[in-house]
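Welcome! Let us walk through this structure together, starting at the ligand and moving on to the place where the chains meet.

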Amino acid sequence: MTVSYENSKTIFEGIKAAGIRSVSALPETWLGLLLGRIEEDPDMTLVQVAKEEEAIGIAAGAYFAGTPHVLLMQNHGFFGAVNGLVSLAMLYHIPLCMLIAYRGHWGEPYPWHTRGGIVTEGVLRALGIPFEHARDPMKVAKQIREAWTFSQSSLSPVALLLTRDLMED
Amino acid sequence: MERAGCIEMIYPELEDRIVVTIMGACAQELYNLGDRDNFFYLQHAMGLASSIGLGLAMHLPAERVIVLDGDGSVLMNLGTFVTLARYRPRNLIHVVFDNGSLLSTGGFESQTAAGVTDLAAIARGAGIEHVATASTTIEFGEAFLAALECEDLSVIVAKVAAVGPEHYGMDLHLPENAFRFKRWIKTRKRA
Ligand SMILES: Cc1ncc(C[n+]2csc(CCOP(=O)(O)OP(=O)(O)O)c2C)c(N)n1
């Protein structure tokens with residue numbers, strides 16, 4: 001398995017085309033090539049965090065500042081950010097657009113990812129966070145734009161799950 | 001020294017600056033001095049005040065951002081010091097009121113009450129250059145003015161007594177706080 005060079009580029013272009021100029025992230029394998037592009041782009045601000053919950057606060061700050069921002073994390077990082085999501089974003093009606101690497105699902109060879117993969121959608125549903133799966137590189141740019149738009153109109157966190165179909169070759 | 005006195009001392013400097021405060025006692029003490037549209041009261045999510053401050057400071061380089069934090073809160077997100085140090089927003093002042101207590105939730109001792117932990121040393125060790133400590137109101141006021149003048153990321157750890165306001169209550173819904181805070185910033189940007 002290799003991380004998809006082409007689709008990482010497509011996602012990067014989708015983020016830029018959606019007008020996003022700021023990204024917070026905690027790196028992981030599937031996000032590596034994408035983060036590399038963001039880091040090299042002089043128009044983009046990248047904030048790397050030590051733990052994903054920090055990014056909820058940083059994203060809230062970017063929102064207050066009026067800068068379009070997305071959060072990049074792995075599903076396990078999303079679990080670690082739940083109180084921030086509930087007690088900051090949801091409580092105060094702060095929109096968040098999260099792109100989440102959906103590890104541990106169909107085709108997952110690594111045992112350590114599987115529990116997280118199995119419960120991801122259940123946790124999203126329990127929190128009432130709207131989500132979609134991104135599988136098709138032809139559609140992902142539109143999905144990012146729509147996720148962004150919906151977060152802003154609903155004043156809610158939303159999640160786009162970046163699946164294996166999209167992220168691996 | 002008491003936190004309320006510290007906040008009162010710097011209150012005039014908060015008038016046209018972006019302020020993020022933690023919950024409960026600290027929020028109430030600021031509110032009691034006079035509620036303002038440029039204040040964001042983070043009423044529940046422990047640890048994230050400085051992360052919000054970082055997001056604000058990085059995206060609003062022309063503004064000064066002041067975070068009023070607590071020991072219990074910052075201990076839930078010690079990684080924040082590392083992230084602050086790495087991005088080093090020149091326009092952020094992070095005040096940590098260390099009362100050795102989880103005051104707002106019943107006054108249980110916090111992890112710093114034992115006296116073995118040095119939050120300022122943690123901030124320094126994370127790589128933050130300007131870290132001051134204060135144990136009197138005068139020292140605090142001086143440290144705050146120095147932080148304003150130095151125009152660099154600054155952390156002030158203020159040792160305060162574990163006392164809070166006598167009454168709690170704010171006439172402000174939480175989403176309302178977020179909406180008006182955002183609008184204040186937007187209006188400033190236009191001006
Ligand atoms: C995740 C989480 N756990 C517990 C609480 C309950 N709680 C509310 S305020 C507080 C203490 C905050 O301590 P500190 O930041 O030191 O501020 P102080 O109240 O002492 O001024 C706690 C534990 C909470 N809000 N969130």
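**The ligand and its surroundings**

An oxygen atom of the ligand sits 3.0 Å from an N or O atom in the side chain of Asp71(B), a polar contact, that is, a pair of N or O atoms within 3.5 Å. This is a predicted model, in which local features need pLDDT of at least 70 and side-chain atom pairs count only at pLDDT 80 or more, while totals for chains, interfaces and linings use all residues. Residues are numbered from 1 along each chain as written, chains are lettered from A and ligands numbered from 1 in the order written, and side-chain values use heavy atoms, leaving out hydrogens and water.

Ser104(B) also reaches the ligand: an N or O atom in its side chain is 2.6 Å from a ligand oxygen. With Gly72(B), a backbone N or O atom lies 2.8 Å from an oxygen of the ligand. Taken alone, the ligand exposes 590 Å², and the protein buries 81% of that (Shrake-Rupley method, 1.4 Å probe). The ligand lies between chains A and B.

Now look at where the two chains meet. Here 30 residues of chain A are in contact with 30 residues of chain B (heavy atoms within 4.5 Å). On the chain A side, Glu54(A), Phe64(A) and Tyr92(A) lose the most area to chain B, together 32% of what that side buries (buried area is the accessible area, with a 1.4 Å probe, that two parts lose on being put together, summed over both). Between the chains, 8 residue pairs are in polar contact, both at pLDDT 80 or more.

Conventions:
Polar contact = N/O pair within 3.5 Å; in protein donor to acceptor, adjacent residues only side chain to side chain. Near = heavy atom within 4 Å.
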